[in-house]
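Please look over the sequence and the structure shown below before reading on. The briefing that follows takes up helices, their packing and salt bridges in turn.

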Amino acid sequence: MQEAPFTDLSATGSGRGPGAAPGGPGADAVPPPAPGADAYPSLDLVNSTLSLPGGRHLDLLATPGAANRWLTAHGLAPVDAGVQETCAAMLRDLREQVRMLFAARASGQPAPRPALAAVNGALARRPAAAQLRWDRERGPHREVPHPVTGVLEHALATLADDAADLLTGPDAERLTACGSAPCTRFLLRHGRRHWCSTRCGDRARAARAYARRTRGQEAPTAD
C-alpha cells in the first residue's frame, strides 16, 4: 500500500506553527512542542514530521516556504532568506539523519555510520572561529561570519551541534520515543512519562482500557 503523502499545513495557516491561523481548518493537527524541544531545536527538527491518527501525515518542512518559516521561528534564518527547494531538501535530509541517531540512542542500538557522517559533515560547515569585528555602534566585538549565502550552512551546523550536545550530554538518558502509536515524535522523558503530549497520553490510556475490556469479553466462561 502506498503511504499517504505528507502535507504542509503551515503554508496555509492550518497548523499551530509559524504562520498558523487559529481556528483554521485542521488547526489542532499540530500538537504542542514535545517536552525538551524548547531547549533542543534539533529535537524540534526531528519532530517536524508527524504521523497522525487516520493514516494522515504532516511535514512542517514540506516546501521551501515552510522550511523558511521553521528556520525563522527558531532564529536560524531571516524572514526573507528565500529558502529554495535544494536548501529545504538538505534540511529534511539532516532531519532524517538526526532522527536515526536519536532512535539508535533511545533504543540502545549502535548509531548508523551514514547518519554520523552526515551530522559531522553539517558540523564542518560552521566557521571554526569567531572573527574580530569593529563598528561605531558596537565597537570591538567577536562575530561568527555567516553571510546571507551561507544562512543554510550556518543553520545546519547549529542544528547538528545541538543534536551532538543532546546525544553526548546528561539529557541523553531521558531521550525516548513517544509511546503512543501512531505518533513518531521524540521527547525528553520526565519521570515515567513516555508521551509527547496530553493528546498522545489520552490516546494511549484509551487504547489500554479498550484492550482490557476486549480481554475481559474474550475470557472463557465456566461450563
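**Helices and salt bridges in a predicted model**

In helix α3, the buried residues are A88, L91, R92, L94, R95, Q97, V98, R99, L101, F102 and A104.

**Helix α3**
- The 23 residues of α3 should span 33 Å at 1.5 Å a residue, and this agrees with its end C-alpha atoms, which lie 33 Å apart.
- Just after α3 comes G108, a residue that takes a positive phi of about 70°.

**Packing of α3 and α5**
- Two packed helices are described by the distance between their axes and by the angle between those axes.
- The axes of α3 and α5 come within 11 Å and cross at roughly 5°, and because angles under 35 degrees count as roughly parallel, α3 is described as roughly parallel to α5.
- On the α3 side the contact is made by C87, M90, L91, L94, V98, L101, F102 and R105, while α5 contributes L152, L156, L159, A160, A163, L166 and L167.
- Sorted by class, this contact of α3 with α5 has 14 nonpolar residues, no polar residues and one charged residue.

**Helix α5 and D162**
- For α5, 18 residues at 1.5 Å each should span 26 Å, in agreement with end C-alpha atoms that are 26 Å apart.
- The buried residues of α5 include H154, T158 and D162, and what covers the buried residues of this helix includes α1 (41–46), α2 (64–73), α3 (85–107), α4 (113–123), β6 (175–177) and β7 (186–188).
- D162, which is found in α5 (residues 151–168), has 11% relative accessibility and therefore counts as buried, since buried means under 20%.
- Leaving aside neighbours within four places in sequence, D162 is in contact with A39, Y40, P41, S42 and L43.

**Salt bridges**
- The count of salt bridges comes to five, and one of them joins the side chains of D59 and R95 at 2.7 Å, N to O.
- This pair links distant parts of the chain, with D59 in strand β3 (residues 56–59) and R95 in helix α3, 36 residues apart; both D59 and R95 are buried.
- R95 also forms a salt bridge with E96, with the closest N and O atoms 3.2 Å apart; R95 is buried at a relative accessible area of 4%, whereas E96 is partly exposed at 33%.
- D171 forms a salt bridge with R174, the closest N and O atoms being 2.8 Å apart; D171 counts as buried at 18% relative accessibility, and R174 is partly exposed with a relative accessible area of 25%.
- Through shared partners, salt bridges join D59, R95 and E96 into one network.

Notes
Residues numbered from 1 in each chain as written. Predicted model: local features only at pLDDT ≥ 70, side-chain atom pairs only at ≥ 80, totals over all residues. Heavy atoms only, no water. Helix = DSSP H or I, 4+ residues; strand = E, 2+ residues; numbered from the N terminus. Buried < 20%, exposed > 50% of the residue type's maximum accessible area, 1.4 Å probe, protein only. Contact = heavy atoms within 4.5 Å. Expected span 1.5 Å × (residues − 1). Axes fitted to C-alpha atoms, helices over the stretch in contact; angles between N-to-C directions. Parallel < 35°, antiparallel > 145°, perpendicular 65-115°, else oblique. Nonpolar A, V, L, I, M, F, W, Y, C, P; charged D, E, K, R; others polar. Salt bridge = Lys/Arg side-chain N within 4 Å of Asp/Glu carboxyl O.
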